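Visitor: I am new to this structure. Please show me how to read it.

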Amino acid sequence: MSSETTATGPSTAERLHVAGLHTAGRHYTDASAGAVLSVRDLHVRFNTENGVVHAVRGIDFDLLPGKTLGIVGESGSGKSVTSMAIMGLLPQTAEVTGSVRLNGTELLGLSDKAMCRFRGNDLAMVFQDPLSSLTPVYTVGSQIIEALAVHNPTMSKQAKEARAVELLGLVGIPSPKDRLKAFPHEFSGGMRQRVMIAIAIANNPRVLIADEPTTALDVTIQAQVLEVLHTAQEETGAAVVMITHDLGVVAGMADDIMVMYAGKPVETGGVDDIYYNPRMPYTMGLLGAVPRVDVAEKSSLVPIEGIPPNLIHAPTGCSFAPRCPLGTEACLHGEPALWPVGGSGGGALEHKAACIKSGTLGADVDVHEIFRAPEVAVSRFDEIPRGDRKAVLELKDVKKHFPLLKGALIKRRIGTVKAVDGLSFDIREGECFSIVGESGCGKTTTLLEIMEFHKDQDGEVVIGGLSNKTASDAKTKAAMRKELQMVFQDPTGALDPRFTVYEVLAEPLENSGMAKPAIRKRIMELMELVGLQPDHVNRFPNQFSGGQRQRIGIARALAVNPKLVVLDEPVSALDVSVQAGVINLLDKLRAELGLSYLMVAHDLSVVRHISNRVAVMYLGKIVEIGDVDSVFDNPRHPYTRALLSAIPVPDPQLERSRERIILQGDLPSPLDAPKGCNFATRCPIFAALPPAGQERCLTLEPPLQPAAGANPAGANPAAGPGPTAPTDQQFACFYPDGELDTDMLVVH
Amino acid sequence: MLRYLAKRAVTYVFMIFLTTSAGYFLAVTSLQPALLEQEKIPRPTPEQVANSFRLKGLDPALSPWERYVDWLTGIVTRWDWGRSPNGAFVNAEFGDRVWISTRLFLASIILTLIIGVALGVYTAARQYKFSDRAITSYSYLVYIVPAPIAYFLVQLGAININETVGDRLFFVTGISTPGLDGDGWAQFVDMLAHYAVPTFAITIVGWGAYQIAQRQYLLDNVNADFVRTARAKGLTRNQAITRHALRVSFIPVAQSIAFTIPAIFAGGFFAEKIFAWHGVGSWSIDAIALQDVNAATATLAYGSVIFAIGAILADFATTLVDPRVRVQ
């Protein structure tokens, strides 16, 4: 390794260049000839107060023109650092060695000024957070034009403007000419990401690096942006490096995949090799940890125990060995190199895995067995038909309207935001009910309305037999809180950093008047229940990992033995492998303790995995509700269909042939909601309807109606579970079987 | 825009009225000029004092409310802010004083701003290098050194220079040499000699605050995502910082500038006292010491007006640099 190369200047670049060729070895010499970007033995080290962090430890790949490489890994695996090292955007204190060649030109060791000839020209990048990636004080037009001006000093002003308009049109921004003068804050997140893509492709780059481009976006917007990236790639013929933690996002796009762990690639290969024939336990675990939105059969997710290693200490063995269920003594001696494992992926990357046991692993090995995934837990309530179970929560026509006011001293009402508009549903014992929808559809407001529990609320909330209308004095509220507890999205923010775990868990118990010795006993029970070591109770939250903190949050919610737990995006802040463990835990607790869940989530795969029933919300209203399998397998409302089709599935072949409904635009402001069906402005069926039919959608509000062949809720308790089981699926649409507008359908 | 300004102006006029009225009541109930009159030699009889005050519109026998109504009527109908116990008219005194204060501070405010912001940018670009550490340490030092001490030190320095040279290069007090004859050039040199010391003193202790603020806000933005985007477009690091980070970081600085300027104009009494420039600041202190109700209230009103102007300026500056804020 060339860790001694700290000098700068052309001589270093020269030397690295040679070193790069040298380490390329026999497998790469051929491929790198036609490669537009080739990376050899890339290492990045950061000097920190605790020592040198070796964030990237030897990356090699070749990217052919027009191809897509997916780099997959969890947070801290070094994938973003890799992309920043290629772009030369790491802080000067970072030590980067190896070789990065763009069309044969060595980029490492170039000065900032020299690098500027390539950045934004042949080499462009799209970043993760579109909200903060555009300068707030300049118009989007001037920011696009700047990218053009830097590399084309001779271009005329008119030509630059025309090109900017063309680019904005290309990324799908309506009336691009007028929008040139708009400021970033006037755009939604999805629109801003489109602008970012327009800036990136302004100069027809040869290589486009996209670092988690859709992570901060809603699924429907994610589908739009991925589509734009696809168009951009077709238009420019650029090679794309797609960095993501979501195995679904890259399945349909990538030709090759590189799986990173602890700063090193642990498996590389063509996309089919990786998804259908993984040969490294980490890849297998990652694939098994992702819930599938398209699979009804319930099996436990694969949890990967433990946390990634600290990269301050050089690993002496396989870096995954401490978490690997197959780890043996041999794994701890020497870090395994990437070995060819044979395969026919057809991509530029040969299928290789860094595991001494890759020979014994293959497509026929059951990942659930290897990782000892727990059995699917069965609740005692699963036997009882839904209609016979008691309701733990009932909502009747709950509404939350916010007045929109204008004026400084004297306010006048100029409109109403109907955040929640007439919601009715119930949750029975032992059942998980989920609410899904885009951000802004009213999911969180619904939860807040339930937690509010006040008699002046519009609508009735009944929690465990206690109604907000009849009694909402302090005593009833205290009783209500015992029935219902909440788990929050961000486990770090939800725990007081100055409380030990013991204090966190003791607080609700003390509040309910439990005696000291009983509290101690109960806390030990709780720790064990959520899979934490009881002797860790005196630690502070910052000594736990994200997944463990969420377990503490769950334990706190369970402390007072509630019947219903409200889960607000319980796993969205967690990495895939950690997420699987928490989902399994939630599943187990539901079965063992007979809990009911009310979950709000944007990840429909998680919802499908964990829920029994689901409600799809759009602009404050439920548009479809029912049993999770019937809603997901046979969605009737066009919005549900669009949502489901927008979710990427970690299955490359399926992804390539899937038909997608790409909704136009963003969730409209609740102010602009039409009189009739809220969804009409974006509806793919509405767009294809004859004017007479459209008239009906615009003027009449579609009521919830039972899906064909289904019985009303709980009307037929005699029917047992089975393929012919009646569902209580309901949806709100006049033309569920209408033709879809072909403009909104996309197949790749 | 005009409508917005008019709306804001109406609000501020109302607020100025409230603060000034409250100030008047406070002054009229707590300040007793009659007591000072007793120290005069020969000591006037209480009847004489009351009589003299009645003639100046400062009748102590009237109730505070009656005096307030008289005072307010005078202002509204004749723009007459009343008289001091020594018989001087507040209006006449005020005009001179405001002009003196403005002259004392104007040059140094401009210098303070330019130097402070420029050094803030310079040090942010060289974070933790020697120049940054030296300049920022200096700024913190002047932050904690009380301004009067710094002014005295500068005065002593100027006197030292004068002694070393053996000629009076700098005047450490006063506005101009009284009774100076000569042509325009001589007048100009005299003015420079009087301006140099106070301007220098106020400037070197003033820019520290701006330097620290500008450095801090710029550093917050140097590693912002949008700067990274700009670099990814092909701008060098320095270009990206000057074109993108600088303007964003200037938004909070612009606000603070607009608010500090009026504070200096109305409240720079240390500088005015030490350099013997008799402006509004020293007048407000003197007015209280001399139990002068009308002058004290007038300086308070002036402070409120200038603060309102500062607030409108701050709004204006923000809209100018930040397109997210639009005047409706």
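Guide: Start with contacts: two residues are in contact if their C-beta atoms, placed from the backbone, lie within 7 Å. In chain A, 70% of the contacts with a separation of 6 or more join residues 24 or more positions apart. This is a predicted model, where local features need pLDDT of at least 70, side-chain atom pairs count only at pLDDT 80 or more, and totals for chains, interfaces and linings use all residues. Residues are numbered from 1 along each chain as its sequence is written, while chains are lettered from A and ligands numbered from 1 in the order in which they are written.

Visitor: How many residues of chain A count as buried?

Guide: A residue is buried if 20 or more other C-beta atoms lie within 10 Å of its own, exposed if 12 or fewer, and partly exposed in between, with C-beta atoms placed from the backbone. Of the 748 residues of chain A, 50% are buried.

Visitor: Into which domains is chain B divided?

Guide: Domain bounds come from an automatic or database domain assignment. For chain B they give domain 1 (2-78) and domain 2 (94-321). The C-alpha centres of these two domains of chain B are 33 Å apart. In chain B, 15 residues of domain 1 are in contact with 12 residues of domain 2.

Visitor: Which helix gives the most to the side of domain 1 of chain B that touches domain 2 of chain B?

Guide: Helices (H or I, at least four residues) and strands (E, at least two) are DSSP runs, numbered from the N terminus. H1(B) gives the most to that side, with 10 residues.
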